[in-house]
Amino acid sequence: MTTARQDARPSRTPAGRSAAFERGVVVVIGLLAVLVGAAAVVVSTGLLGTNRARRPVLDPLALQWWRENPQIAYPIAIVGGLLLLCLGLWWLLRAMRPEQRPDVRLEQGSGGRLTVTSNALTEAVRADAEEVTGVTRARARMAGSDQAPSLRLTLSLQEGTNVRDVWDELDEKVLARARGALGTDTLPTSIRLRLDRAPRQRVR
């Protein structure tokens with residue numbers, strides 16, 4: 001009796017680095033800017049009173065205190081500027097850091113641990129993927145973390161290749177072998193297909 005293979009479904013586990021933090025910070029900054037702008041418009045139009053609309057942006061009392069207490073005001077300004085500089089550098093380094101290529105640790109029955117390096121696993125996956133019918137070149141890389149690894153594949157296909165046949169063979173042979181090597185039933189994989197066009201020949 002033959003059991004039909006289940007159709008592949010999109011994985012809910014991200015196969016790449018998430019940009020949720022950067023997007024969240026940008027959204028919060030944008031909302032604050034909108035609120036400040038809306039408050040300035042409301043005050044300047046006189047909806048809160050004409051006297052308040054005519055007042056300068058900077059409170060004269062605050063400016064007077066700043067001039068009378070430079071030994072306190074200037075250190076506060078310098079510390080605030082340094083904090084903003086450090087925050088900006090930290091955010092820049094966090095956004096520009098390379099994505100992790102985690103090694104995978106496999107548990108052994110004797111209590112020891114066996115580690116499969118990222119390079120070894122991706123090289124094995126790449127070699128297996130290039131054996132798939134219709135695939136001319138393949139690139140593989142690990143992503144995620146050592147606790148939740150994921151895989152990225154880029155395949156170059158010959159012209160006229162049946163994509164469905166490539167996917168079936170890839171899932172049944174390459175990805176199944178990778179899952180078996182890692183001892184897991186699921187391995188989130190992002191697959192990118194490209195058409196490998198033959199180089200044009202010059203007419204002499």
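**Figure 1. Strand 4 and how far it is covered.** In this predicted model, strand 4 is mostly covered, with eight of its nine residues buried. Buried means under 20% relative accessible area, exposed means over 50%, and partly exposed lies in between (1.4 Å probe, protein chains only). Helices (H or I, at least four residues) and strands (E, at least two) are DSSP runs, numbered from the N terminus. Residues are numbered from 1 along each chain as its sequence is written, and side-chain values use heavy atoms, with hydrogens and water left out. Because the model is predicted, local features need pLDDT of at least 70 and side-chain atom pairs count only at pLDDT 80 or more, while totals for chains, interfaces and linings use all residues.

Figure 2. Two strands pair if DSSP finds at least two bridges between them. Strand 3 and strand 4 run antiparallel and are joined by nine bridges. A hairpin of four residues leads from strand 3 to strand 4. Ala138 has Leu155 of strand 4 as its bridge partner, and Val135 has Leu157 of strand 4. Strand 4 also pairs with strand 5 (residues 189-195), in the parallel sense and over seven bridges. Here the bridge partner of Thr154 is Arg192 in strand 5.

**Figure 3. The largest nonpolar core.** A nonpolar core is a set of buried Ala, Val, Leu, Ile, Met, Phe, Trp, Tyr and Cys residues joined through side-chain atoms within 4.5 Å. The largest such core has 19 residues, of which Val125, Val135, Leu151, Leu155 and Leu170 touch the most other members. At least two core residues come from each of helix 5 (118-129), strand 3 (135-144), strand 4 (149-157) and helix 6 (163-182). Helix 6 supplies the largest share of this core, six residues. In soluble globular proteins, nonpolar side chains tend to be buried together.

Figure 4. A salt bridge is a side-chain nitrogen of Lys or Arg within 4 Å of a carboxyl oxygen of Asp or Glu. The structure holds six of them. Arg126 forms a salt bridge with Glu130, and their closest N and O atoms are 2.9 Å apart. Arg126 counts as partly exposed, at 24% relative accessibility, and Glu130 also counts as partly exposed, at 30%. A network of salt bridges links Glu123, Arg126 and Glu130. Side chains of opposite charge can pair when their charged atoms come close.

Figure 5. Lys173 and Glu169 meet through their side chains in a salt bridge (3.5 Å, N to O). Because these two residues are four apart in helix 6, Lys173 and Glu169 are separated by about one helical turn. Lys173 is exposed, with a relative accessible area of 52%, whereas Glu169 is buried, with 17%. A further salt bridge joins Arg179 to Asp171, with the closest N and O atoms 3.7 Å apart. Arg179 and Asp171 are both buried.

Figure 6. The residues Ile78, Leu82, Leu85, Leu89, Leu92 and Met96 make a nonpolar surface patch of about 620 Å². Patches are made of residues with over 30% relative accessible area and no salt bridge; like charges are joined within 9 Å, and nonpolar side chains (Val, Leu, Ile, Met, Phe, Trp, Tyr) within 5 Å. Accessible areas come from the Shrake-Rupley method with a 1.4 Å probe, and for residues only the protein chains shown count as cover. Ile78 lies in helix 4 (residues 70-96) and is exposed, with a relative accessible area of 53%.

Figure 7. Ala95 is found in helix 4 and counts as partly exposed, at 39% relative accessibility. Ala95 and Glu22 are 73 residues apart in sequence, and their C-alpha atoms are 7.8 Å apart in space. Trp167 lies in helix 6 and is partly exposed, with a relative accessible area of 23%. Trp167 and Ile191 are 24 residues apart in sequence and 9.6 Å apart in space, C-alpha to C-alpha.
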